[in-house]
Amino acid sequence: MTLIAADHLCVRFGGSEVLHDVSIAVQPGEIVTIVGPNGSGKSTLLRALLGIVPAAQGRVQRAPGLRIGYVPQRLALDRSLPMTVRRFLSLPVRVSDAAASQALARVGVPAVAQMQMSSLSGGQLQRVLLARALLSDPQLLVLDEPTQGLDQPGEAGFYQLIEDVRAQSGVAVLMVSHDLHVVMAASDRVVCLNGHVCCEGTPHVVSSAPEYRALFGLGTKGALALYQHVHDHDHGHDHAHAHPHSHAHDHSHA
Amino acid sequence: MTTRMPIPTPMLMTIAMLDDFLTRAALAGVGLSLATGPLGSFVVWRRMAYFGDATAHAAILGVALALASDLPIGFGIMVVALAMAVTVATLAAKGWAMDTTLGVLAHSALAFGLVAVSFVPGVRTDLSAWLFGDILAVSRGDLAFVWGGAIVVLGLLAWRWQALLTATLNEDLAHASGLNPDRERLALTVALAIVVAVAIKVVGALLIAAMLIIPAAAARSLSRTPEAMAVFAIGIGAVSALGGLYLSLWQDTPAGPSIIVIAAGIFAVTAALSRPRA
C-alpha cells in the first residue's frame, strides 16, 4: 500500500508553475531522496505532499490515517521564546518524561533535555527535531534538507542515524537533500527534480573507489553515496539548471 | 420595599470593598494582567508588537462609532479592533510590506478615530480618558467587563495553547501535525480585540500595546519555558498595576501611564540582572 503519492501534480505560485506534472510515490519502509538545484521545487513538493500548498492540477493521495513525522528545514528560534528541549518534545502532543528521554537517547543526544533550543549546535538541533518527529510513532518521516549546515562527518552521522531508525522501526523516509550529487547511501531511490522529475535512480555506492576516498575521506563509514544523473532532455539556456560538473562521474545531458 | 435576603458576611465584606474606588481599580488592573500576560507573550514571540499597536489605536474609532450609533462602547471597540486586525492579516497575506502597512494603518486609525470623536457631542472633553485610561473611575460594571473579558481570553489561550505554540515555532510543523496555523492566528486576533476593548478603561488606547509587551519582555529573562514566561508576565503586569496605582495616589500622577512606568522599571531591572545566555 502506498503511503503518500503525488499524481501528475502541478503547483503554481502567482502565474508561474513551480511544479509540473510530478508523480512520485513512497512505499512503506522505503527511503526516497529528492535532489535538485535551488528553486527546483523540492521544498514545494514536500509542502504540497503535506497539504500546505494546494495543487493546481493533479492530486496528492495519502493512506488513510497516515502518521507523518516532519523535520522542518529551519526552526524560527527567536530568542524571545524560551523553550527547553524537553518542552519542545511535548509539541504539539504532550509526552511523558520517560518517552522524551528515550527519544533523545535514540537519536544520540541524551543529555540535552534541559538545554534551551536556541543554544543547541546545528547537529544537536537536527537530532532533537528528529526525536520530536519520532515521538508520534510515524509511518513516514519527511525531512527537508536535514543536513544543510552540517559538516561531512555530521551529515554522514545523521544519515547513519536515519538508516538505523528505519532498520529498527520500518519507517518510510522522504528526504530532500541540498546536495545534487552526494546523497544518503541507504536511499532506495533518488528523484532529481527541476520543476518536473528529471531522472530517477539508485545511488551509486562507491565506497571502495579511490574517487570516493578522495571526496569523502574515511570517516563517513559508507553513509554517503554519489548519485549519477542520467537526464534524457535539455533544459535550454533560459532554464537555471546548474549542475556542477566537477565530480568524477558521468553526467549526460543528451 | 421588598424583603432582603440575608447576605453572608464575607460576601457582604466583598461587596462593601467594591464600594471603594481604589479596590475596584486594583482589581481591574490585576484582572487585565491575567489576559495581557499570556497574550503579550505571544505578541512578543510572534513579533506582533506593531500589530498590537494598530489594533489598539483603532479602538478610538470604535469608541466614536459606538457613541454615534448608541451601541455599547465595548462592543464598538471589539468590532473595530477585529476589523483592523483582519485587515492587517489580509494585507500581510497579500505580501504588503508589513512595517509600512502597519505604520500607515496604526496612525491612520488613531487620526480617524480622533476626528470621528470630535463629531460626537460631549466626548471631546473626556477624550484623554480613552487615550490614557481612567482606572480610578472603574465602575462595578466595568470591573465585571474587565474580568469577564480576561477570563474569556485566558480560556481561549489555554484551550489553544499547544497548537498556538507549535504554530508560533514553525507553521509547516503545525500543518504537518494536522493543525491549521490560520485558525490559530485567528484565535490570537480575536483575543487581541477582546483585550483592547477590556484594557482601554485601564491604561487607555495609547498604552495597551505597552501593557502587552513590557511585562512579557520583562518576564523573558526570568523564564526557561513558555508557560513560565506567561505566568511571570501575569505577575509583573499585576505588580505594575498595583504599583502604578500607588504611584498615582502618592504623587498625583496619571494612573495609566504610571502603571506602564512601573512595568518599564521592572523590565529595566530584570534585563540588567539577567546574565547573557550562552
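**Stop one: two helices in chain A**

H4(A) passes H5(A) in a crossing that is right-handed. Keep in mind as you click around that this is a predicted model.

To find the pair, select residues 122-134 of chain A for helix H4 and residues 152-169 of chain A for helix H5; their axes sit 11 Å apart, at an angle of about 15°. Angles under 35 degrees count as roughly parallel, and so H4(A) and H5(A) are roughly parallel to each other.

Now show side chains. On the H4(A) side, pick Gln126(A), Arg127(A), Leu130(A) and Leu134(A). They meet Gly157(A), Phe158(A), Leu161(A), Ile162(A) and Val165(A) in H5(A). Colour that contact by class and you get six nonpolar residues, two polar and one charged.

**Stop two: the sheet under H4(A)**

Stay on H4(A) and look at what it lies across: S5 and S6 of chain A, with the helix running at about 165° to S5(A).

Those strands belong to an open sheet of six, with mixed pairing, in the order S5-S6-S7-S3-S9-S10 (chain A). Which strands are at the edges? Select 68-71 for strand S5 and 197-201 for strand S10 of chain A; each of these pairs on one side only. Going from one strand to the next, the twist averages 15°.

Zoom in on strand S6 (residues 140-144) and strand S7 (residues 172-176) of chain A, which run parallel and are joined by five bridges. A handy landmark here is Asp144(A), which stands opposite Val176(A) in S7(A).

**Stop three: S1(A) and its partners**

Next, select residues 4-13 of chain A, which is strand S1; seven bridges join this strand to S2(A), and the two run antiparallel. Ile4(A) stands opposite Val26(A) in S2(A).

S1(A) has another antiparallel pairing, over five bridges, with strand S4 (residues 57-62) of chain A. To see where they line up, click Ala6(A), which stands opposite Val60(A) in S4(A).

**Stop four: Ile24(A)**

Back to strand S2 (residues 16-26) of chain A, where Ile24(A) lies. Is Ile24(A) buried or exposed? Its relative accessibility is 7%, and the cut-off for buried is under 20%, so Ile24(A) counts as buried.

Show its neighbours, leaving out residues up to four places away in sequence: Ile24(A) touches Ile4(A), Ala5(A), Ala6(A), Val32(A), Ile34(A), Leu45(A) and Val191(A). For one of these, draw a distance: Ile24(A) and Ile4(A) are 20 residues apart in sequence, and C-alpha to C-alpha they are 8.4 Å apart in space.

**Last stop: over to chain B**

H10(B) brings Ala210(B), Met211(B), Ile214(B), Ala217(B) and Ala218(B) to the contact. From H12(B) come Ile259(B), Ile260(B), Ala263(B), Ala264(B), Ile266(B), Phe267(B) and Thr270(B). How does the contact of H10(B) with H12(B) divide by class? It has eleven nonpolar residues, one polar and no charged ones.

How values were computed. Residues are numbered from 1 along each chain as its sequence is written. Chains are lettered from A and ligands numbered from 1 in the order in which they are written. This is a predicted model: local features need pLDDT of at least 70, side-chain atom pairs count only at pLDDT 80 or more; totals for chains, interfaces and linings use all residues. Side-chain values use heavy atoms; hydrogens and water are left out. Contact means heavy atoms within 4.5 Å. Helices (H or I, at least four residues) and strands (E, at least two) are DSSP runs, numbered from the N terminus. Ala, Val, Leu, Ile, Met, Phe, Trp, Tyr, Cys and Pro count as nonpolar, Asp, Glu, Lys and Arg as charged, and the others, Gly among them, as polar. Buried means under 20% relative accessible area, exposed over 50%, partly exposed in between (1.4 Å probe, protein chains only). Axes are lines fitted to C-alpha atoms, for helices over the stretch in contact, and angles run from 0 to 180 degrees between N-to-C directions. Angles under 35 degrees count as roughly parallel, over 145 as roughly antiparallel, 65 to 115 as roughly perpendicular and the rest as oblique. A crossing is left-handed if the near helix is turned anticlockwise from the far one by less than a right angle, and right-handed if clockwise. Two strands pair if DSSP finds at least two bridges between them.
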